[in-house]
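Dear colleague,

Please have it open while you read the notes that come after it.

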Amino acid sequence: MTIGLTHYLVLSAVLFCIGLYGALTKRNAVIILMCIEIMLNAVNISLVAFSSYIVPTLLTGQVFAIFVMVVAAAEVAVGLAIVLAIFRGLADIDVNNINLMKW
Amino acid sequence: MGLAAAFWIMAVVAVVSALAVVFLRNVFRAALSLILCFITVAGLYITLSADFLAAVQILVYVGAISVLIILAIMMTREVQRGSPANKLGIPAAIVAVILLGIMVYTVTSTPWKVAAEAPLSPTTVPLATKLFSENGFVLPVEIGAVLLLAAILGAIVITREKDK
């Protein structure tokens, strides 16, 4: 059985749903950021698979994957900075206890 | 045949390490399995003949983002009581499984127009011409540079100690 586009897309969907489950259920803010990284990686896999199988000579999907990586790097830098700032203020990174803006 | 074996090994390791990130109690071990997941994703890029992206994945994710995450884990260490789950476990599992079913059904039932020709094998030069040519992606590259600069400045401003 040869490996086709469907295999990569199903793998990407599985990784995305694992990351989604973790991001929805975890209470540690750092773990939530890690699950978001898994989801972004899953999206990147499907982008590169589309680029490699549908338009093999255009590379557009790989360019999009590079931009997703840029945004992911910016997101994780700012996100971890926010987590550290919250930790300094509240001495806690449990997202169930961070409810200052909840009404 | 070798490609298929590589794909299956990478896929199984990626899924298992992603599950380990979600289900391990120890936060540091979760971060280490996240790094393993990133490495297998780089291997998947190699099987897709995206060599430049595999190198960038190793550099950016395995090199930089993992260090940032482990640094954050170290700095918040005394409050780490594992990675407990909240009360949303069963609804979140239902949502994730339903989404997975929808996506797998859509992917397997769509007739993809797979191109016949082989993908470009060294992708670095074509990617560079694609990114930096006149009718390419020059403007998004510049905007990405500004975004990264803004993110760096924002991270510095947020984490800086206020009391002098």
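What percentage of the 103 residues of chain A count as buried? Before the answer, please keep in mind that this is a predicted model, and that every value in this message was computed from it. The answer is that 56% of the residues of chain A count as buried.

Chain A has three helices and zero strands, and from the N terminus on its elements run α-α-α. Among the contacts in chain A with a separation of 6 or more, 51% come from residues 24 or more positions apart.

The contact between the two chains takes 62 residues from chain A and 73 residues from chain B. On the side of chain A that touches chain B, α1, α2 and α3 each supply at least two residues, and α3(A) gives the most, with 19 residues. Sorted by class, that side of chain A has 46 nonpolar, 12 polar and four charged residues.

The largest nonpolar core has 71 residues, and those with the most contacts inside it are Val30(A), Met34(A) and Ile38(A). Helices from both chains each supply at least two residues of this core, including α1 (5–25) of chain A and α6 (138–159) of chain B, while α2(A) gives the most to it, with 16 residues. If you select Met34(A) and leave aside its neighbours within four places in sequence, you will find it in contact with Val21(B), Ala30(B), Ala31(B), Leu34(B) and Ile69(B).

Another residue to look at is Ile45(A), which is placed in helix α2 of chain A. Ile45(A) counts as buried because it has 23 C-beta neighbours inside 10 Å, and the cut-off for that class is 20 or more. Apart from neighbours within four places in sequence, Ile45(A) is in contact with Tyr8(A), Leu11(A) and Ser12(A), and also with Val41(B) and Leu44(B) of the other chain. Ile45(A) and Thr25(A), by contrast, are 20 residues apart in sequence and 24 Å apart in space, C-alpha to C-alpha.

Lastly, in chain B, the 21 residues of α2(B) should span 30 Å at 1.5 Å a residue, and this agrees with its end C-alpha atoms, which are 30 Å apart. Just after α2(B), Ser49(B) takes a positive phi of about 55 degrees.

With best wishes

Conventions
Residues are numbered from 1 along each chain as its sequence is written. Chains are lettered from A and ligands numbered from 1 in the order in which they are written. This is a predicted model: local features need pLDDT of at least 70, side-chain atom pairs count only at pLDDT 80 or more; totals for chains, interfaces and linings use all residues. A nonpolar core is a set of buried Ala, Val, Leu, Ile, Met, Phe, Trp, Tyr and Cys residues joined through C-beta atoms within 7 Å. A residue is buried if 20 or more other C-beta atoms lie within 10 Å of its own, exposed if 12 or fewer, and partly exposed in between; C-beta atoms are placed from the backbone. Helices (H or I, at least four residues) and strands (E, at least two) are DSSP runs, numbered from the N terminus. Two residues are in contact if their C-beta atoms, placed from the backbone, lie within 7 Å. Ala, Val, Leu, Ile, Met, Phe, Trp, Tyr, Cys and Pro count as nonpolar, Asp, Glu, Lys and Arg as charged, and the others, Gly among them, as polar. The expected span of a helix is 1.5 Å times one less than its number of residues.
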